[in-house]
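Visitor: I am new to this structure and would like a close look at one part of its surface.

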Amino acid sequence: MTARTEHLMKLEQEVGVLIRRVRRVIGERALAVHEELQPASYLMLSYLADHGAMRSSSMAEAFHIDKGAISRQVQHLADLGLVERTRDPEDGRASLVAATDEAVRRLIDVQEHRRKFLDERLGDWDESELAAFADVLHRYNSALNQPTDR
């Protein structure tokens with residue numbers, strides 16, 4: 001086994017740990033926003049808060065899931081009072097979905113809390129280490145986001 005293969009195996013292992021941690025954190029964040037918020041819906045709500053009002057079809061493209069799943073999650077968010085629907089001014093037959101002001105406020109509170117937590121846990125990392133890690137992680141994500149023939 002080559003050193004590169006060993007490094008790739010270690011990378012896969014650490015990414016697996018990261019994925020499990022991210023899933024747990026998303027569940028915790030969802031509960032912090034609303035006690036009945038499902039983790040998948042939390043991700044959609046965060047996306048809406050970041051990108052503004054959009055059609056469900058745009059969310060289906062962004063999340064690479066079918067419109068039916070989007071519709072169910074939007075309904076879940078609407079039932080919790082976290083999103084609102086309005087008519088699309090470009091096409092009155094369609095509607096736009098947007099995070100409510102209250103949802104955005106709750107998301108900001110959760111994000112600030114998480115940032116404080118990270119700052120405490122990574123307190124011994126200096127700014128150059130944080131920047132380097134963020135840059136390498138961005139490079140990793142960008143490399144894996146490239147289209148493939150597989």
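What is the relative accessible area of L137, and how exposed does that make this residue?

Guide: This is a predicted model, in which local features need pLDDT of at least 70 and side-chain atom pairs count only at pLDDT 80 or more, while totals for chains, interfaces and linings use all residues. Residues are numbered from 1 along each chain as its sequence is written, and side-chain values use heavy atoms, leaving out hydrogens and water.

L137 has a relative accessible area of 30% and is therefore partly exposed, a class between buried (under 20%) and exposed (over 50%), with a 1.4 Å probe and protein chains only. L137 lies in helix α6, helices being DSSP runs (H or I) of at least four residues and strands runs (E) of at least two.

Together with L18, V22, W125, L130 and F133, L137 forms a nonpolar surface patch with about 480 Å² of accessible area; such side chains are joined within 5 Å, at over 30% relative accessible area and without a salt bridge (Lys or Arg nitrogen within 4 Å of an Asp or Glu carboxyl oxygen). Two or more patch residues come from each of α1 (3-33) and α6 (127-144), and α6 gives the most, with 3 residues.

Methods:
Patch = residues over 30% accessible without salt bridge, like charges linked within 9 Å, V, L, I, M, F, W, Y side chains within 5 Å. Areas by Shrake-Rupley, 256 points an atom, 1.4 Å probe, with all protein chains shown as cover. Salt bridge = Lys/Arg side-chain N within 4 Å of Asp/Glu carboxyl O.
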